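Here is my note on the domain interface. Please read the points against the model.

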Amino acid sequence: MENPYLPFPVKIDSVITETEDRNLKTFKLVFLNSADGEKFVHQAGQFAELSIAGKGEIPIGIASSPTEHGHLLFTVNRVGVVTRALHQMTAGDVIGVRGPLGNWYPWEQMEGSNVVVIGGGFAFTTLRASIVYLLHPENRSRFGDITVIYGARSPGMLLYRDELVEWNERDDIQMHITVDATDDPNWKFDVGFVPTVTQEKAPSAKDSYAVVCGPPIMIKFTLPILKELGFPDERIIMSLEMRMKCGIGMCGRCNIGSEYVCKDGPVFSLAQLSGLPGEY
Amino acid sequence: MVDRVIKKTELADFVARLVEKYRVYAPVREQQTTNFREISTADQVDLSGANTTLSPKSLILPQSETMFEFSLDRTSEKAGILYEIELDPLPRLIFGIRPCDAKAFELLDLNFSTPSHQDPWWARRRQITTLVGLGCNTPCPTCFCTSVGCGPFATEGLDVLLIDLDKEFAIQGITEKGQRLLDDMDIKAEASATKKEAVSAQQSSSLQSIKSVVPTEGLQDHEVNALFNAEFWDKVQFACINCGVCTFVCPTCWCFDIQDEVLKNNGLRLRNWDSCMFPLFTLHGSGHNPRGQKLQRVRQRFMHKLKYFPDKYHNGVACVGCGRCVQQCPVNIDIRQVFLLMNNFKI
């Protein structure tokens, strides 16, 4: 059996600075051994451990869709030892990737339904993977209407801006891009917090799933609105964050009650979460 | 079934033969403490105490162990890539392990050998390790193994069980691995009917001497959130100083941390025991901490052992009743009291 702690070596192919505060960068990674790349088969919503020899590992959502082949994308916020080291790295540097880890958004269950994607800030990474996955020609017809509500503090803090514009021009996806505030007179999208915009746009709960990922404050105020709109707890899907080490349910720190976020999650329905202690 | 005997006068020879084939670990007295150490002769072994100070879990899950090595030398094409290190392949034998500690390994298998992943170091060491247990003639006042699915002569997890009959040990070969060991070591003397009677007598006297009893039957019926929100946690946690000794001495606490260490251009990825008693254990990069409060951490430890673990694996509580945490807690927090509180909880 393979050692589940051993990272696959990957090379940084390119680095994109995503946000105006320069704290978020997207790393495009290519496997050094193509056989490793073939083994790495993920689903939108899963994460991986990024490993930097000498610094450690960090669990990061996979921002590329399984429909994008030949590379992986990770958007990383600069906060601690490992992420700081990673932000110093450039194309050509070698790091490690361990995964894919955790479960994913319940695509099979959502098939045939409308999908409302609600995201805030830098939690948009696995949601980007999800949107790319949903819009792929092989998948688009398997789902109903797709609505996206995505907010950030300011226009310069939105991730994947080129793609947002591209998606906004398509007619098979309804985009609601919003910022908390802006003084840009040419800003042509929404202004307001994600929960407020969700209430205004009022996506229908009929045959719909809501996939929600964002900072705790956004979640806190968005959930009551989704309930008001008629989304049952079973169809509100969330992805959680937790401090992790092993990523495979063994090291013991990321539990919520009997469930490990790394292995049994990170994706849970609100119905599942309400049966667990609120310790996250 | 008890089927062989070995005289205590033959023990030195028996151990000498074991040492030829195995790395042998046994309880060794070191001033105020007794712990499992590698031994080379029988006179190092001290079987007089009941439980060792630390459990033998470090023999399967070392307090610190190297997972991978790497080079940071940028002129090397291997720079930044992690490589596996070969494990010491010598077979190991833990001599004189108590039944509770052996059962703890079985419980930890549920965490480390799962259908989706196997922890390679845990699994490998389990595979190459033979457990020669020693039944407990004089259980401690803090022992409550019989309440948690174990007992002073329980055989779960053991390959061989020794029963001390004063001048000799009666021997029970339990697994095939254990039987093979006894055959290899040429232990032929058969246990007579009188010996078997002596064993039964010892077993029942040991059972009777265990006075600590904890209730467990109600734990599974409680709704997890009701227990989680119970008011008694405030009392349980009051005296705790979050020293973590309970987690370090506990044979069923397995949580670990992963850290990199670098000296010049050479690095190691290590894993070290960690503890849910420490705030850093769950501190997010953002500064958020789901278990930032002492109450949350104390509750986590007991809820994990007595509720989350049984709910997840349906294999009983993650406690073997060894009583080490009761003996060594500096502020006298007693898990037996917590069993009572949790089991008898009423909303």
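1. Basis. This is a predicted model, where local features need pLDDT of at least 70, side-chain atom pairs count only at pLDDT 80 or more, and totals for chains, interfaces and linings use all residues. Residues are numbered from 1 along each chain as its sequence is written, chains are lettered from A and ligands numbered from 1 in written order, and side-chain values use heavy atoms, without hydrogens and water.

2. Domains. Chain A is assigned domain 1 (8-101) and domain 2 (107-239). The bounds come from an automatic or database domain assignment. The C-alpha centres of the two domains lie 24 Å apart. Their contact (heavy atoms within 4.5 Å) takes 21 residues from domain 1 and 19 residues from domain 2.

3. Buried area. The two domains bury about 1,500 Å² between them, 59% of it on carbon and sulfur atoms. Buried area is the accessible area (1.4 Å probe) lost on putting two parts together, summed over both. A:E18, A:A44 and A:T67 supply 30% of the area that domain 1 buries against domain 2, more than any other three residues.

4. Salt bridge. The count between the domains is one salt bridge (a Lys or Arg side-chain nitrogen within 4 Å of an Asp or Glu carboxyl oxygen). A:R128 also forms a salt bridge with A:E68, the closest N and O atoms being 2.9 Å apart.

5. Domain 1 side. β2 (24-31) and β5 (72-77) of chain A each supply at least two residues of the side of domain 1 that touches domain 2. Strands are DSSP runs (E, at least two residues), numbered from the N terminus. β5(A) gives the most, with three residues.

Terms used:
Helices (H or I, at least four residues) and strands (E, at least two) are DSSP runs, numbered from the N terminus.
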